[in-house]
Amino acid sequence: MNALIEAQEVPHYVVGGGPAGLTAALELTEAGHRVDVVEAGELVGGIARTEQYKGYRFDIGGHRFFTKVGEVDALWKRLMGKDFILVPRLSRIYYGGKYYAYPLKIGNTLTNLGAVESVRIGFSYLGSRIRPIRQEDTLDQWVSNRFGKRLFETFFKTYTEKVWGIPCTSIQADWAAQRIQNLSLMKAVKAAIFGDKDTTSLIEEFQYPRLGPGMMWERVRDLLRDMGSTVRMQTRCDAVHHDGAGRVLSVSECDAEGNVIQREVASLVNTMPLGRLVRALDPPAPDAVLAAASRLKYRDFLIVAVIVDEPDPFPDNWIYIHSPEVQVGRIQNFRSWSAEMVPDENRSCIGLEYFCHTGDGLWSASDAELIEQAKRELEVLGLVSPDNVVDGTVIRQPKAYPVYDENYKEAVDTIREYIETFDNLYSVGRNGMHRYNNQDHSMLTAMLAARNLMGESHDVWNVNVERSYHEEFVTSEKTTSSDAVEPTTLHDVAREAVTESEPSSQGVASGVSSSASPDGTVQETRPASRERALENA
Ligand SMILES: Cc1cc2nc3c(=O)[nH]c(=O)nc-3n(C[C@H](O)[C@H](O)[C@H](O)COP(=O)(O)OP(=O)(O)OC[C@H]3O[C@@H](n4cnc5c(N)ncnc54)[C@H](O)[C@@H]3O)c2cc1C
């Protein structure tokens, strides 16, 4: 009996009300199946939720919507309709006391770096071409080979280490290869000087739900309920019971009051962190799989959202902060994402993003201390006077980034091999696969898992392995309108890395941008890009 027939009596079960979980549930529900979704938190959307404080809305980091996956883009548009707005983008990089335009402008970058440093960077790059490091095991080796050691040290190293909290020598080259393949200094410089039609149009605007990404996920939650599926909030799946022969039979879940209920399920689509899934299995997974689960590491994240008594303290959507003298990694201006995120037209909501580890000094600091730190750092950066900060709040996000250290790959492979012995269990999404997926690839893995449960056969683990991400490309790969979008330039690399703030990627990316592509000019005004092509369309 296949899962499709069983589902008529027993619901499919989805762990997690983030983008992946809700997408899997939507796919199954729209095909006529009943699905139970459980979400441990108070909001749907997972890391892509929209938080609110006194009417001010903000993301866990800024979440742009961009994708090369036609199906995902079509779904986004179907879900949001007119509520999907097109946002002009302006972002800069702050490094060494200077703001670098981002996307880079060659003149600005060279001016900021100065002639001597620019020449040094050029020679270092030539050196890396003549005598590349033969074996590229780690991020520093990978980046130095493509951009030169000096550029790596000037731009990539500080930011990357700020984001990931570990030395670049401990970050695997894999990560860079997955995120920024095809990128080279020459391509980046060329794009910066001559531009690139395909690229330029893509990087100046992005799509965004007018009330933030959570708006999309609240809509999916409501659709699911309207169609007869269930979304239970503040309910945590704690145990996954199986028959020991590759079939999940039931789950145990715990609601907000602490009541534990065991439920029979037709299948299980998981988006909780992969290691947690392994530990939830009953009977327990083999020792080697449990050991692999304990080797998976994460980088955590917090955002300090401050309310500022001025409407527009700076024009950017976000600014990457490479400089090591402050701890903040990226700063968001949420009015620039959507004016409707801010309830008072005379005020703004500025989000300072910090990368940390649960339990470290930043994570453990009180909200009041973090707001004071945010005020100090905004002043150091010359962005906002402390007197103008009138209020603030802090949101902590554990396990924001799956870490690609020297152990992760073998650990994920071991777990994956075991999970694949089940015929009605899929683990998808970002932490569900311990993979650096943005929303689009998180959603695609969920769609494919749902289709597998309905009789199709897709390799869920292959998504976002072979093809690069939008943000990782550098040049003009031609895109079709349905395959749309992702940019491709140095800028994107950098931006994206930072955008996602993936520890490793960010550093790399941003670093690349700033210096690698010596093209920057500080843009003091928001690009007037309404007429430009859609980034993701
Ligand atoms: C700072 C930052 C910026 C980003 N920027 C972008 C961007 O610009 N564009 C973009 O597309 N993507 C971006 N991303 C990535 C995006 O957030 C993720 O791809 C996406 O949220 C992953 O969706 P998911 O459903 O797999 O996982 P999550 O979003 O992690 O959702 C998983 C959900 O499962 C719930 N859960 C966990 N365990 C249990 C349990 N046992 N029982 C019940 N519920 C459980 C969690 O509470 C959570 O709600 C960004 C990520 C970060 C960290």
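## Starting at strand β1

The model you are looking at is a predicted one.

What is the order of the strands in the open sheet? Five strands take part, arranged as β9-β2-β1-β13-β20, and their pairing is parallel. At the edges you will find β9 (230-233) and β20 (425-427), each of which pairs on one side only. On average, neighbouring strands of this sheet are turned by 15° against each other, direction ignored.

Helix α2, made of residues 19-30, lies across β1, β2 and β13 (268-270). Relative to β2, helix α2 runs at about 165°.

Now turn to helix α13 (residues 287-294) and helix α17 (residues 408-419), which pack with their axes 8 Å apart. The angle between them is about 135°. Angles over 145 degrees would count as roughly antiparallel and 65 to 115 as roughly perpendicular, so α13 and α17 are oblique to each other. The crossing in which α13 passes α17 is left-handed.

Which residues meet here? From α13 come Ala288, Val289, Ala292 and Ala293, and they meet Ala411, Thr414, Ile415 and Tyr418 in α17. In this contact, seven residues are nonpolar, one is polar and none is charged.

Terms used: Residues numbered from 1 in each chain as written. Predicted model: local features only at pLDDT ≥ 70, side-chain atom pairs only at ≥ 80, totals over all residues. Pairing = 2+ DSSP bridges. Helix = DSSP H or I, 4+ residues; strand = E, 2+ residues; numbered from the N terminus. Axes fitted to C-alpha atoms, helices over the stretch in contact; angles between N-to-C directions. Contact = placed C-beta atoms within 7 Å. Parallel < 35°, antiparallel > 145°, perpendicular 65-115°, else oblique. Left-handed = near helix turned anticlockwise from the far one by under 90°. Nonpolar A, V, L, I, M, F, W, Y, C, P; charged D, E, K, R; others polar.
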